[in-house]
Amino acid sequence: MAGTDVMHAFAALAAHREELAPRRIVDIFRDDPQRFARFHVALDDILFDYSKHRLTEASLAHLVSLARAAGVEERRAALFAGEPVNTTEHRPALHMALRNLSGKPMVAEGRDVMPEVLAERQKMEAFAEAVRTGRIRSASGAPFTDIVNFGIGGSDLGPAMAARALAPFVADRLTLHFVANVDGADLGDTVKRLPLETTLFIVCSKSFTTIETMTNAQTARTLVASRLGEAAVAENFCAVSTQLDKIAAFGIKSDRIFGFWDWVGGRYSIWSSIGLSLAIGIGTEKFEKFLLGGQDIDTHFTEAPLERNVPVLMALLGIWYRNVWGYATHAVIPYDQRMARFPAYLQQLEMESNGKSVALSERPVEEATAPIVFGEPGTNGQHAFFQLLHQGTEIVPVDFLVAVQPSGADPMHHRILFANCLAQSQALMRGLSHEEVVASLTAQGMSGEAIEALAAHKVFAGNRPSSTFLYKRLSPRVLGQLIALYEHKVFVQGVIWDINSFDQWGVELGKELATQLAPIVSDPTRSTDGLDSSTAGLIAAARKHQKG
Ligand code: F6P
């Protein structure tokens, strides 16, 4: 059960909500001309604006009290001290060590892990640089032109998202591809476009057993061996995993095997050798800038007071809406086409980490946990689901992300993009009243009855909250900072909800059932007895079609 202090803090927040409810965000702005100055934090090249929220100094004080009551500071210290915060797997969660460029030790399970982290990073970076510059060549003797990353979940989303975000930094002569789905269309459509002779395949899997990744890698291996000869496998494949012994059987040379550690969760592994494809693409200097961005946020997270601590503020805003106002979703809208995969990346980070209903004490959680996270780049989303954000019955708090300077994109386009981003957060907050609608329709020459028929449909309630992350430019360092901000946000929320943010047992059952069903699906003579009638009926229908 949550501690009494936490229960009191939630009760105080609920009472405070009642007081605040009649006040609209625009009223709060009107009453406080200094609101923006007080409700934003500038962090290097990122400005976090959290002024457009249903929030006052008093609300923040209540939320910070909740964080203190939940032990955020103590648990943060335990996280960075390498204590086994992943309690069900008895491991630390020390991904911060992977981006520790400070020269200071970091301890996991009583041991300084930095010497092995640095050695592994050096090995991976030397390989990445040699591939990038063409010193390490493909089986054909020509430099690699294409890099294919096989991986899924954390072994895909991080590098795939980052490679797209940092596309302007990727060497022109290299093309990066990401194949995740076991659907053969993913691999097939990618391979069709590939010069196989000069393609480097990276098999990324923490466990080296994930069916999707292993299936894709095996199919590609067979293809390479049949088209280019068995010897080409050793030249055109490399692998990243924590299970080094399992890789050898695949026929990968030992100097092309890159490791990481159990204390790195899959969804936190972009900072490890799982980032190999990214490091090859953008080069190791830029890759280290990316790591530095992560480290910047670790320093900020551990040193800034809770009241000015961006990941803590992000987490508290999420708690405020999820638990006190009852909002079940959260949208992330990058006004940055290159960040198109960022919402998907955050879906795994937030929903796999905090989509839990059991507390550390093994009891059911007391409060609702992770919201449903979704998003698409702006302005595209505006022409799809923003109708609901503005006029739907569900209130969806939004994170907007936007760059001040475009990276290698037309500045005129960027001005339109930027204006749209500002306009959306403004529209969500201000809304449009019945009087304003009537005045506008009257000005358009519409008559009384026609106005009445239309006006209600054109009203926007407004008062809908959003944060804005304004960054100078989408550089490797800024991307590293953004990712780490969300990582620590997720951690703080996990502490307040009293859950383990570092395991993911909820993905296991589906995997087991798929393993049981695979032989039945593959062999039409196998009995479906014992299956529920829906599953059996679907298999029977599929068999009928297959026969046809
Ligand atoms: O589906 C769950 C999961 O374990 C994720 O947490 C992980 O990122 C993904 O599968 C891939 O796992 P692996 O890197 O071991 O192949």
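**Cysteines.** I started with Cys238, which counts as buried at 0% relative accessibility. I keep in mind that this is a predicted model. Next I asked which cysteine sulfur is closest to that of Cys238. The sulfur in Cys204 is the closest, but at 7.6 Å it is too far away for a bond. The cut-off I need here is 2.5 Å between the two sulfur atoms. I also checked Cys421, and found this residue buried too, with a relative accessible area of 1%.

**Disulfides.** I then searched the whole structure and got 0 disulfides.

**Fold and overall size.** How many helices and strands does the protein chain have? I noted 22 helices and 13 strands. The radius of gyration came out at 26 Å, close to the 24 Å that the globule rule gives for 548 residues, so I can call the chain as compact as a globular protein of that length. Along the principal axes, I fitted the C-alpha atoms into a box of roughly 75 × 65 × 60 Å.

**Packing.** I looked up burial for the protein chain and found that 53% of the 548 residues are buried. For contacts with a separation of 6 or more, I noted that 74% join residues 24 or more positions apart.

**Surface and charge.** Last, I looked at the charges: 52 are positive and 61 negative, and their mean positions are 4 Å apart.

Terms used:
Residues are numbered from 1 along each chain as its sequence is written. This is a predicted model: local features need pLDDT of at least 70, side-chain atom pairs count only at pLDDT 80 or more; totals for chains, interfaces and linings use all residues. Side-chain values use heavy atoms; hydrogens and water are left out. Helices (H or I, at least four residues) and strands (E, at least two) are DSSP runs, numbered from the N terminus. The radius of gyration is taken over C-alpha atoms; the globule rule is 2.2 Å times the number of residues to the power 0.38. Buried means under 20% relative accessible area, exposed over 50%, partly exposed in between (1.4 Å probe, protein chains only). Contact means heavy atoms within 4.5 Å. Lys and Arg count as positive and Asp and Glu as negative; His and the chain ends are not counted. The place of a charge is taken as NZ of Lys, CZ of Arg, CG of Asp or CD of Glu.
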